[in-house]
Amino acid sequence: MRLINLDGRIHLVTGDGVVDVAKASEQRFGPDPQDLYQHWDAFQEWARTAALPAPSARVGTIGSPAPLPRQVFAVGLNYDDHATESGLSKPEHPVIFTKFVSSITGPVETVQLPAGSVDWEVELVVVMGRGGRNIPEDRAWEFVAGVSVGQDLSERDLQLAGPAPQFSLAKSHAGFSPIGPELVTVDELPDPDDLELGAEINGETVQHSRTSQLIFPVSNLIAYLSDTVELYPGDVIFTGTPSGVGMGRNPKRFLAPGDELRTYITGVGEFTQRFVTADSASVAPRS
């Protein structure tokens, strides 16, 4: 099953078209994408058995499949090669921080660059379908609604300023947490623990790996997090990025106005973003 948020309404993706969930279910499930996760088990059962209407055209602005999660978790240094390029040791336990909810968008086409050095980080994003504490690692995928494509955009100057890193703040500028275009349920994937992911800037490959290279795979992350905090339906987990980020290069490289960043996970989806300065984004186009 694939789901997409169009103009703030959740839709089932069917072939080349979409079905509005609220309309097809006669309001049993509302249009709000985030609210759907509160009823995930019932929704899955309905989606398996419902007689769906003919799909409509896929029209509208694509939003995040989880636009307002209660909690957003992100994982640092979760690929060996990224830890190495960062000049740090392989962690013994997951390195957890957050990205603030106000930074979440769909796969928006244009992102304003703040002052500083903005870096790219392709990531597999997990959205929880069930919550709980002390979730067993061997059952963790059962608690997942689905996965999506994400970018953990990061402003490195702020991140590294001061006596301690400002991970969360530096990674939470407007538009710095795009997720989309679709949420893909686990049963759609041959192996959810081995997905190809990558990023390209202006057609040049800058990141390429597989999620089988995660130091702490998805099931371990869910078990680890739920040992401390209660996870809620609709929570989001950015699972970490492989090597190839701009800060790890010599010389360092960061996003510039006019750059186009393509982010993809094979079998899940892709999106492309263009970066502009704040001034150029505010100027109205000429007629």
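Leaving aside neighbours within four places in sequence, which residues is Asp 152 in contact with?

## Asp 152 and its surroundings

In this predicted model, Asp 152 is in contact with Phe 97, Lys 99, Asp 119, Trp 120, Glu 121, Glu 123, Lys 171, Phe 176 and Phe 238, once neighbours within four places in sequence are left aside. Asp 152 is found in the loop between β11 (144-151) and β12 (154-155), and it counts as buried because its relative accessibility is 0%, where the cut-off for buried is under 20%.

## The annotated binding site

An unreviewed UniProt entry lists Glu 121, Glu 123 and Asp 152 under "binding site". Although these residues are spread over 32 residues of sequence, they cluster in space, with a largest C-alpha distance of 6.9 Å, and the lining of the largest pocket takes in Glu 121, Glu 123 and Asp 152.

Glu 121 lies in the loop between β9 (118-119) and β10 (122-128) and, at 5% relative accessibility, counts as buried. Beyond its neighbours within four places in sequence, Glu 121 has contacts that include Gln 151, Asp 152, Arg 156 and Lys 171.

## Thr 185

Thr 185 sits in the loop between β13 (177-184) and β14 (196-201) and counts as buried at 2% relative accessibility. The side chain of Thr 185 makes a polar contact with the side chain of Asp 187 (2.6 Å), while a polar atom of the Thr 185 side chain lies 2.9 Å from the backbone nitrogen of Met 1.

## Confidence

The chain averages a pLDDT of 95, and 97% of the residues score at least 70. Over residues 281-287, however, the pLDDT is below 50. Where pLDDT is low, the predicted coordinates should not be read in detail.

Note on methods: Residues are numbered from 1 along each chain as its sequence is written. This is a predicted model: local features need pLDDT of at least 70, side-chain atom pairs count only at pLDDT 80 or more; totals for chains, interfaces and linings use all residues. Side-chain values use heavy atoms; hydrogens and water are left out. pLDDT is the predictor's confidence in each residue, from 0 to 100. Contact means heavy atoms within 4.5 Å. Helices (H or I, at least four residues) and strands (E, at least two) are DSSP runs, numbered from the N terminus. Buried means under 20% relative accessible area, exposed over 50%, partly exposed in between (1.4 Å probe, protein chains only). A polar contact is a pair of N or O atoms within 3.5 Å; within protein, one must be able to donate a hydrogen and the other to accept it, and residues adjacent in sequence count only if both atoms are side-chain atoms. UniProt positions are given in the numbering used here, feature names are shortened, and annotations may be inferred rather than shown by experiment. On a 1 Å grid over the protein atoms alone, a cavity is a set of points where a 1.4 Å probe fits but cannot get out, and a pocket is an open set with protein on both sides within 12 Å along at least five of seven lines; lining residues have an atom within 4 Å of a point.
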